[in-house]
Amino acid sequence: MSKLALKNVARLYGSVAAVADFSLELAPGEFVSLLGPSGCGKTTTLRMIAGFVPPSAGTIEMEGQQISSPSSVVPPEKRRMSMIFQSYAIWPNMTVGENVGFGLQVRRLSRAEIDRRVDAILDVVQMRNLKGRYPAELSGGQQQRVALARAIVVEPEVLLLDEPLSNLDANLREEMRFEIRRLHDAFKITTVYVTHDQSEAMVTSDRIVVMNKGRIEQVDAPHRLYARPRSRFVAGFIGRTNFLEGARQGSEVGFDGFSAAASRLEGANGTGTLLYSLRPQAIGLSSQKPNGSSVVVESEIAGRSYLGEYWDYQVRPLGAAKPMRVSTGPNVVFEVGSRVWLDIDPAAMVRVD
Amino acid sequence: MTVTALPSAAARPQRGISFDSTWLLWAAIIAVLLFLVVSPFIYLVITSFSDQRTGAFTFANYATAYGRSRYVDALLNSLRLGGTAALLAGAFAVPLAWAVARTDMPGRGLTRMLVLATFITPPYTGAVAWILLAGPNAGWLNRFYTLLTGAEAGPFNIYSFTGLAIVIALYSFPYVFIFTTAALELVSSEMEDAANILGAGPWRTMWRVTLPLALPAILGGLIICFLEAIALFGSPAMIAIPARFNVVTTQLFQFFGNPVRVEVAAAYAMPLLGVTILLILMQQLMTRRKGFVALTGKGGERRPILLGRWRWVMFGYAMFVASLAVFLPYLFLLQAAFAKAWGRGFALDNLSLRNFHFVLFEHATAAKSVINSFLYAGASATAAVILTLCVAYIVVRRLVPFGGLLGFLCVAPFVIPGVVLAIGFYAAYAPPPLSLYGTALILILAFTTRFLPIGYVNAGAALRSLNPEMEEAVRVLGGSRLTALRRVVAPLLKRSLLGAWLLIFIPATRELSAAIFLYGPNTKVASVMIFDMSEEGNLEYLAALALILQVLTLPLLWIGQKALGRDFMLRRNAT
């Protein structure tokens, strides 16, 4: 049985649908991210799971028991979940220890047991020495760890995280991503993680739900999402990509500046404009004409940017209107204006809607 | 999971929006607000159309109220008085506010302190001090004038329209000061730098950039002064009546004399209410308009404008205003309070503690009136804070539909002048079945209503500053809404609520406009006592009592400043 199941959940605000027809099942211990731009309905979905917002339609079940429907909602305090908020919501009037112990106190555990568990979880997040401090004395990263400890110590059925890293600076954010995944691997709590940051979702998640305008665009494992995006939105949102418009011309599909055999392209049987996504990393770039079975196009370097970890070239096939973006290793250097060869593998081109 | 699992309530879902305790609370609050705000207002209107004996519908009260030219004159006097006082207050306050907020004038902290001292001086105490200062012949300023010039009589006469306007302006200019400093503190130096770099000098920048940005706030402050002036009872009663002219409030008081003609008073109060509502609406429109600094939040870094030699001129002006509002009045109040007879001056053999002894231990009701003031103020401040906190919580957290209506009822008394409110309370609750006239309860209820807006504005601001996630974190960990209120919301709002309580308590201890219409023989409050003494001409006793009231306020002020910062009374939501 799935741990958590959302069935055709929708949420209307007035006549505006913040979330529409959302269905998802989580296996026990699974880590799923809701990923999308701001306003896509991911936080509303999370708050429906938490019980703060009743759904306008559909139901939410936990271990087969209905916990949310338009007519009845189990209140948040009865759901045995816990949540980490965007603002952390660390109570400034309580010490670190009191914050972390709060959920255990509500569950009426003995003082000794509370102390034991609080100490144990503070060890896990490396905050034991700050147990007596007040939140105002902590850095952002430390507050984040307190929030994590407070949410995990109660051993919730489901852990919900609402953009927990968005208030941290870049370095700390990267560190905390791994921390969150480490804690998940240690405790195996079923987790729903809301973020607008794709790399956060990719580092932490077993599966990612990409949302746009209140709807699910695609649900997949991170590498599948990157390699096989199913819609233009997903392809554009996850990583950088080239959108190539093609049209069927006999046995070939013609693109801006080159063409490829229809038989080697995915979904090339459609009519009208065929849209493909091609990742900049999937394109080869060389000064000599490469051999092999892929499509080879003579081109010119139209512009370039150096980003340390890679070169970002704008390469225009001869006779084409628009350049394509191509990434190479930092040691592959071409001057602007020089002639190069593009090496395109049709199998790397993904048909998107 | 293991032992930490909560009792499996998942099997027993609750309705999303249910008829639970929230709704009961909501109904109770509605009932209380109807009782405090709506019903006195409705009774006021009904009474104004009721025949005094039969209670039948009639326009006769209006005919009586506006039938004599001296009644109409009193109305016009009020408007003139309001206008004059507001302009004078602007002249006192705006330069001071600018100097304190934006320049390097010396003594800025001192100036703020003196404005605060002005603000906590009840207008009637100020009026009495000015009677000592500028009474014809005997007033100290006149005596110094004759001493210096050898003239037969001094030129100052407090018992005049101008005298009254000046006294009112002197004790209401802090409103303009508060509004103006608040706005100026949001004008960033960058906006002024932008004018400078385009070639404008400091004066031009002030006239073309800084002041226009603060203008809506200044006008808002002037409007509050105007309304304060036309709604004031104490100072006009002490000054205008001896000067043989009437204003709306003194005329209303006379309608309340023997026999009480509450129907005529109600009819006569309508223009006062109308003007107030109109101007408050105007003021809200002006200061709420978007795009003005008053709303843009942080204004970036601010550097003081260097005034050069002019800084001493500004300082001189600040001290001049302070002399008129604080130094001179308190000096001569002290003299009178410690004198056997104030007219005999500063001679050592004129010194005495007799007045304090008399007021505290011999006078039949004076000491009790101070106790009454503090008891009633404490009760109403507590009631108002609790009530407005509940309403603000319901409104801010959107717990019920139409919560905004509750909020509106809480701020509505802001547009009802104290005198008018008192007449409404009299009309609603003096007659049977409640027969509250002369009880402590009617005073407490009236004070509570009068100061609901201060409570609501402060409670609302405090709650809005509290991230709802703080409470959601409690609930998601298994705590109820009540646990969240008890363990998180209440501890976090402690300071703000103490502040709101003080902001109500302090003015409530000196409230006169409503109290004068509602007190009874056993419920006299200090402000009424002071007013009575002024009518009897016991200025020495009066000065002693007024100073006792001021001294008792100081510890409260100190607590407020400790808890909330030095300027807690000079912030926008204090008014």
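Residues are numbered from 1 along each chain as its sequence is written, and chains are lettered from A and ligands numbered from 1 in the order in which they are written. Because the model is predicted, local features need pLDDT of at least 70 and side-chain atom pairs count only at pLDDT 80 or more, while totals for chains, interfaces and linings use all residues.

**Domains**

Domain bounds come from an automatic or database domain assignment. For chain A that assignment gives domain 1 (4-232) and domain 2 (240-351), and their centres, taken over C-alpha atoms, are 40 Å apart. Chain B is divided into domain 1 (21-58 + 353-575) and domain 2 (64-331). The centres of these two domains of chain B, again over C-alpha atoms, are separated by 24 Å. Their contact takes 37 residues from domain 1 of chain B and 38 residues from domain 2 of chain B; two residues are in contact if their C-beta atoms, placed from the backbone, lie within 7 Å. On the domain 1 side, the elements that give two or more residues are α1 (21-48), α17 (418-429), α21 (515-518), α22 (526-536) and α23 (539-564) of chain B. Helices (H or I, at least four residues) and strands (E, at least two) are DSSP runs, numbered from the N terminus. The largest share of that side, six residues, comes from α17(B). By class, the side of domain 1 of chain B that touches domain 2 has 23 nonpolar, 10 polar and four charged residues. Here Ala, Val, Leu, Ile, Met, Phe, Trp, Tyr, Cys and Pro count as nonpolar, Asp, Glu, Lys and Arg as charged, and the others, Gly among them, as polar.

**Strands of chain A**

Two strands pair if DSSP finds at least two bridges between them.

| Strands | Sense | Bridges |
|---|---|---|
| β3(A) (31-35) and β9(A) (190-195) | parallel | five bridges |
| β3(A) and β10(A) (207-212) | parallel | four bridges |
| β1(A) (4-13) and β4(A) (57-62) | antiparallel | five bridges |
| β4(A) and β5(A) (65-68) | antiparallel | three bridges |

Strand β3(A) is mostly covered, with five of its five residues buried. A residue is buried if 20 or more other C-beta atoms lie within 10 Å of its own, exposed if 12 or fewer, and partly exposed in between, with C-beta atoms placed from the backbone. In a regular strand the side chains alternate between the two faces of the sheet. In β3(A), A:Phe31, A:Ser33 and A:Leu35 are buried on one side, and A:Val32 and A:Leu34 on the other.

A:Glu61 of β4(A) is the bridge partner of A:Ala5, and in β5(A) the partner of A:Glu61 is A:Gln66. The hairpin of β4(A) and β5(A) has two residues between the strands, and A:Glu63 takes a positive phi near 45° there.

A nonpolar core is a set of buried Ala, Val, Leu, Ile, Met, Phe, Trp, Tyr and Cys residues joined through C-beta atoms within 7 Å. The largest one has 291 residues, and B:Ala89 and B:Val176 are among those with the most contacts inside it. Leaving aside neighbours within four places in sequence, the contacts of B:Ala89 include B:Phe173, B:Val176 and B:Leu222.

B:Ala473 lies in helix α19 (residues 469-476) of chain B. This residue counts as buried because it has 29 C-beta neighbours inside 10 Å. Apart from neighbours within four places in sequence, B:Ala473 is in contact with A:Phe85 and A:Ala89.
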